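Visitor: I have the sequence and the model open side by side. Could you show me how to read the features?

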Amino acid sequence: MYLLTGSLLLSRLATSRTSWLPCRHLPSVISCANATRYLSMQPITTPLTQAATFLVLRVLDKPDAVDKVRAALARTSDLSKNVAVRDQTAAFACTVGIGSDAWDRLTRAAPRPKELHPFVEMRGAKHTAPSTPGDVLLHIRAERRDLCFEFERQMMDALDGAVDVIDDTTGFRYFDGRDLLGFVDGTANPVGSDASNSVFVEADDGDPAATGGSYVVVQKYLHDMRAWRTLPTERQESIVGRQKLDNVELDDAAEPEQKSHKTLASVEGHDILRDNMPFGSPGTDTFGTYFIGYSRKLWVTERMLERMFVGDPTGKHDRILDYSRPVTGSTFFVPSADMLESLGD
Ligand code: HEM
């Protein structure tokens, strides 16, 4: 194998768009003064799929629970292979995140990623993003819903009663990647090497315990579709910052006018990678967006939330929130695949 610099190899391989790729196929080179170490990353940068499951778990307070969860999470790569091989065109991938409160227990006090802390409630004058618990996040994706289901089944068997399910949300792709508000969601996501640069912590970030991993924030939003539908399309477009039909970006508002979602959710010079999915059930009047954002620096996502909820200038919050209410909010760290596998040792 050629020796490349960390970021170069990372970007060449981590953004590989080759279906489900087991985690081990995503190496990063971490160069130290005297040694070069190979790290595998979890498959975060795989493309948006037709189906996704977002599973947030709490580790039970039972004597054998931590050992069972460690053993089960260490098998993620093996279980992924079990499922993915049954349809190699289905782009199956699963990433695992560990919450701040569970980090010491689940990793047996491995050094902590520098920015890892519980989701901080974000309170604006009108809307609040609540902080809700979560020890483990499973982000399961595939072109086929049945593969997501099957992986979740095998993982829950492996977890063997050691966890409570805090939230289990099944998302689906809606037409050409639209959210249920009717807009194409994900357009401004970084692609190629920019995606891995935005997502994976690198050796020179001064966050050694986090190298090869990523911070991830999830929030489950419920939409008030009745109220949203009363708005003329032009008003919806100015709230989002893009045209609805053809997805063309609108100009930013002049200061200090009300900014659109796409402007408030931007932090100059920093990207995050979003894999949002619609979820819901018209029969129970449930319409939602599951927000999931991976980032190399957690403060970037937190800053976006602050701009959305508090507003910029303060008080001019993101108007998307007048029609979308977050009911969960949790932060996790997605360790390297090597570290995840080592939980079984
Ligand atoms: C109800 C929840 C949300 C919905 C329906 C939603 C929908 C959208 C849509 C339609 C766009 C424009 C197209 C695109 O570039 O993807 C967008 C952009 C974006 N959203 Fe959201 N979003 C939600 C929540 C969030 C949250 C909580 C964050 C961050 C904490 C966020 C971060 C972003 C970013 C970074 C962009 C791209 C901005 C740019 O153009 O540079 N979104 N979102």
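Visitor: Let me start with a helix. Which residues of α5 are buried?

Guide: This is a predicted model, so everything here is computed from it. A residue counts as buried when 20 or more other C-beta atoms lie within 10 Å of its own, and as exposed when there are 12 or fewer. In α5 the buried ones are Leu-147, Cys-148, Phe-151, Glu-152, Met-155 and Leu-159. They sit on the same side of α5, because they cover an arc of only 135° around the axis. Arg-153 and Asp-157, on the other side of α5, are exposed.

Visitor: What do the buried residues of α5 pack against?

Guide: Both strands and helices. The strands are β3 (51-59), β4 (93-99), β7 (136-142) and β8 (163-172), and the helices are α2 (65-74) and α3 (76-84).

Visitor: How many residues does α5 have, and what follows it?

Guide: α5 runs over residues 145-159, which is 15 residues, and reaches 21 Å from its first C-alpha to its last, close to the 21 Å expected. After the helix comes Asp-160, with a positive phi near 50°.

Visitor: α3 is one of the partners you named. Which of its residues are buried?

Guide: Thr-76, Leu-79, Ser-80, Val-83 and Ala-84. Looking down the axis of α3, these buried residues fall within an arc of 130°, so they line one face of the helix. They pack against α2, β4, α5 and α11 (337-342).

Visitor: Next, the ligand. Which residues come nearest to it?

Guide: There are 25 residues around the ligand, and Phe-183, Ala-188, Ala-265, Met-304 and Ser-324 come nearest. By type, the shell divides into 11 nonpolar, 9 polar and 5 charged residues.

Visitor: Why does the ligand lie between domain 1 and domain 2?

Guide: Look at who gives residues to the shell. Domain 1 (6-212 + 329-342) and domain 2 (222-326) both do, so the ligand lies between them.

Visitor: For contrast, where is Val-248, and what does it touch?

Guide: Val-248 is in the loop between α8 (233-240) and α9. It counts as exposed, because it has 10 C-beta neighbours inside 10 Å. Beyond residues up to four places away in sequence, Val-248 touches Arg-242 and Gln-243.

Visitor: How do I read the backbone angles in loops?

Guide: Start with omega, which describes the peptide bond. A cis bond joins Glu-255 and Pro-256, with omega about -10°, and Pro-256 is in the loop between α8 and α9. The bond from Asp-312 to Pro-313 is also cis, with omega near 0°, and Pro-313 is in the loop between α10 and β13 (324-326).

Visitor: And where is a positive phi found in a residue other than glycine?

Guide: Ala-91 has one of about 55°, in the loop between α3 and β4. Ala-91 is buried, with 23 other C-beta atoms within 10 Å. Asp-285 has a positive phi near 55°, in the loop between β11 (277-281) and β12. Asp-285 is exposed, with 10 other C-beta atoms within 10 Å.

Technical notes. Residues numbered from 1 in each chain as written. Predicted model: local features only at pLDDT ≥ 70, side-chain atom pairs only at ≥ 80, totals over all residues. Helix = DSSP H or I, 4+ residues; strand = E, 2+ residues; numbered from the N terminus. Expected span 1.5 Å × (residues − 1). Arc of directions from axis to C-beta. Contact = placed C-beta atoms within 7 Å. Near = placed C-beta within 6 Å. Nonpolar A, V, L, I, M, F, W, Y, C, P; charged D, E, K, R; others polar. Domains from an automatic or database assignment.
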